[in-house]
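Keep the 3D view open as you read.

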Amino acid sequence: MIYNIQSLRAIAAYLVVCFHCQVLLFGHLKYSMGSWGVDIFFVISGFVMAYTTDGRIAPPHHFIMKRLVRVVPLYWFMTMAVFLAALAMPFLFRNIDSGLGHLLMSLAFIPFEKSNGLIQPVLFLGWTLNYELFFYCLFFLSLYIYPEIKRYCYLSLTMIALVIFGVLVCPETVLGRFYTDTIILEFVAGIWICYLVRHVTIPPRLLPVPTIGALGLASFGCLLAAEFLWPTAPRFVGLGVPAALLVLAAVLLETRGIVSKTDFAVEQGNSSYALYLTHFLSYQLCEKIVFKVFDPQGFSLKLAAFVGAVALAGLIAWVVHRRIEIPLTQGVRDLISGFGRRSHVRP
C-alpha cells in the first residue's frame with residue numbers, strides 16, 4: 001500500500017462531496033471547484049492498475065475478476081436502491097429515468113443519454129465508473145503484452161488514438177462522444193507515473209523534498225484556480241495535468257520518507273468508494289427535507305448545513321463500508337471461490 005495515495009484518494013472523494021454539497025450554500029449555482037476530485041481519482045486508478053501488476057506474472061483474467069469484484073457489488077447495490085426509491089418516491093428523484101432499459105444499461109456499464117441531456121446512469125455518480133470499467137477492459141487486454149514498457153506504450157497509443165479520433169471526427173453517438181473525451185488520458189498519466197517511480201531512478205539532489213512539496217502545492221493551486229485560469233481548456237489539459245502532477249508529488253514524497261500513515265487516513269481511503277457512491281444522500285436529505293422545514297436564510301446557517309452534510313456523508317460512508325461494502329464484496333469473493341473449487345474437483 002502507498003499510504004500517500006490512500007490519503008489522496010480520501011481527499012479526492014471529499015472534494016467531490018464538497019462540490020455536490022455546494023448546492024446547500026448557493027442553491028443551484030454550482031462551481032466546478034471540487035469536481036476535479038474525479039480527475040485525481042482517474043490518475044490514481046491508472047497508477048494503481050500499473051503498480052499492482054508491474055513485475056507480476058498472473059493470468060489476466062485474475063486481474064479483471066478482482067477489479068469487477070471490487071467495483072460491481074456496491075455499485076449494483078446502490079443503483080438498485082436508487083432505482084427502487086425513484087419508483088416509490090418519484091418526487092424525490094425527478095432527474096432519474098426509471099425505465100427498465102436504463103436500469104439494465106446502468107448495471108452493464110453502458111453509457112446512455114438521459115432525458116435531461118446528460119450521459120449518466122441511474123445512479124448519476126456512476127458515469128465515472130463507466131470510464132473506469134472501460135479502462136479496466138483495455139488494461140486487461142494489455143496484460144497479454146510483455147514487457148511492461150511495451151504494454152504501456154500500446155495502451156497509451158490506443159487511448160490517445162481514441163481522443164484524436166474524437167477531435168477529428170466529432171462522433172455524434174453517445175458511445176463515440178463518451179469514450180473519446182480527453183478525460184481518458186488521465187488514466188494514461190497514472191500509468192506513466194507508476195513507470196517513472198518504479199523504473200527510473202531520480203537522485204534526491206536533483207529533486208529534493210522541498211521541490212516535490214512545492215510541486216504538489218502548485219498543482220493543487222492550479223486545480224483550485226483552473227476554472228478561472230483556463231475555463232475553456234480541454235479537461236485533460238486544465239485538470240488532468242495538474243491532477244497528475246499532484247499524484248506524482250504524493251508518490252515521490254513517500255519514496256523520500258514523507259508518509260501520511262495514520263489510521264484515520266487509511267480508514268478514510270478504504271471507505272472512499274462508499275463515500276463517492278453514497279454522499280448524494282446527505283445533501284439530498286438537507287436540500288429536500290431539512291431546508292424545506294427550516295428554510296435557512298443566513299449564510300452562517302447554510303454554511304452549518306454544508307459542514308453538517310459533509311460530515312454526515314463521511315459517517316454514512318463509514319457505515320456503508322463496514323456494514324454493506326465489506327460483507328457484500330467478501331460474499332461475492334467467496335461465491336466465486338466456491339464455483340472455482342467445484343470446477344476443479346468436477347470429474
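Aspartate 54 is buried, at 4% relative accessible area (buried means under 20%, exposed over 50% and partly exposed in between, with a 1.4 Å probe and protein chains only). Its salt-bridge partner is arginine 198, with 3.7 Å between the closest N and O atoms. Aspartate 54 sits in the loop between helix 3 and helix 4 (60-88), while arginine 198 belongs to helix 9 (residues 185-199), so the bridge ties together parts 144 residues apart in sequence. Arginine 198 is partly exposed, at 35%.

A word on the ground rules: this is a predicted model, where local features need pLDDT of at least 70 and side-chain atom pairs count only at pLDDT 80 or more, while totals for chains, interfaces and linings use all residues. Residues are numbered from 1 along each chain as its sequence is written, and side-chain values use heavy atoms, with hydrogens and water left out.

A salt bridge here is a side-chain nitrogen of Lys or Arg within 4 Å of a carboxyl oxygen of Asp or Glu. That rule gives 5 salt bridges, including these:

| Pair | N to O distance |
|---|---|
| Arginine 235 and aspartate 39 | 2.8 Å |
| Arginine 177 and glutamate 113 | 3.2 Å |
| Aspartate 54 and arginine 198 | 3.7 Å |

Take arginine 235 and aspartate 39, whose side chains meet at 2.8 Å. Arginine 235 is in helix 11 (residues 235-255) and aspartate 39 in helix 3 (residues 37-53), 196 residues apart. (Helices are DSSP runs of H or I with at least four residues, strands are runs of E with at least two, and both are numbered from the N terminus.) Aspartate 39 is buried at 0%, whereas arginine 235 is partly exposed at 26%.

Arginine 177 is partly exposed at 35%, and glutamate 113 is partly exposed at 36%.

Now the pocket. Helix 3 gives the most to the lining of the largest pocket, with 11 residues. Other helices that each supply at least two lining residues include helix 1 (3-21), helix 4 and helix 15 (299-345).
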